[in-house]
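Please look through the structure below with its sequence at hand. The paragraphs that follow go from model confidence to individual side chains.

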Amino acid sequence: SGTYTAKAEVSDHVTIYVEPTFYAGNGFGIFLKGGVSHVKVNSLESITFGSDSSAYGNQSVFGGMTGAGIKYRHPNGLLVKLERTDTVYETIRLDGNNGNVITAQPEQSSTRLSIGYQF
């Protein structure tokens with residue numbers, strides 16, 4: 001008997017998106033956001049405990065991103081943006097060398113406040 005702990009890290013995360021904005025006046029606008037993400041999931045597992053010892057590979061997955069937010073664009077170029085986005089990725093399936101399988105349905109949610117300059 002024993003305790004197994006799952007570990008993984010992500011790398012090479014890339015998102016391509018569009019963000020159409022409707023400006024209502026006085027520099028204030030609302031927008032919707034949609035895109036596609038790609039990420040590599042690197043398994044950190046190499047379980048060498050008991051009769052179920054196993055090692056798992058890595059996998060790359062895609063996800064769909066949606067979101068919405070508000071913007072303020074000052075005439076001098078200052079931009080302030082508040083947004084909420086959610087990304088749901090494909091199911092990850094990592095097959096161990098002993099027949100064990102790890103599956104996961106990763107999701108990412110974020111709320112961001114950005115300050116920038118738009119020219």
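The pLDDT is the predictor's confidence in each residue, on a scale from 0 to 100. This is a predicted model, in which local features need pLDDT of at least 70, side-chain atom pairs count only at pLDDT 80 or more, and totals for chains, interfaces and linings use all residues. Residues are numbered from 1 along each chain as its sequence is written, and side-chain values use heavy atoms, with hydrogens and water left out.

The mean pLDDT of the chain is 87, and 89% of the residues score at least 70. Helices (H or I, at least four residues) and strands (E, at least two) are DSSP runs, numbered from the N terminus. Where pLDDT is low, the predicted coordinates should not be read in detail.

The largest nonpolar core consists of seven residues: V39, V41, Y56, V61, Y89, I92 and L94. A nonpolar core is a set of buried Ala, Val, Leu, Ile, Met, Phe, Trp, Tyr and Cys residues joined through side-chain atoms within 4.5 Å; buried means under 20% relative accessible area, exposed over 50%, and partly exposed in between (1.4 Å probe, protein chains only). Two or more residues of this core come from each of β3 and β8 (92-95). Contact means heavy atoms within 4.5 Å. Apart from neighbours within four places in sequence, V61 is in contact with S37, H38, V39, V41, Y89, E90 and I92.

Turn next to the aromatic rings. Rings of Phe, Tyr and Trp (its six-membered ring) pair if their centres lie within 6.5 Å; planes under 30 degrees apart count as stacked, over 60 as edge-to-face and the rest as tilted. Two aromatic pairs are found in the whole structure. In one of them, F28 and Y72, the ring planes are at 45°, so the pair is tilted, and the centres are 4.8 Å apart. F28 lies in strand β3 (residues 28-43) and Y72 in strand β6 (residues 59-73), 44 residues apart, and the pair thus links distant parts of the chain. F28 is partly exposed at 48% relative accessibility, and Y72 is partly exposed at 24%.

S110, in strand β10 (residues 107-117), is buried because its relative accessible area is 14%. Leaving aside neighbours within four places in sequence, S110 is in contact with E83, R84 and T85.
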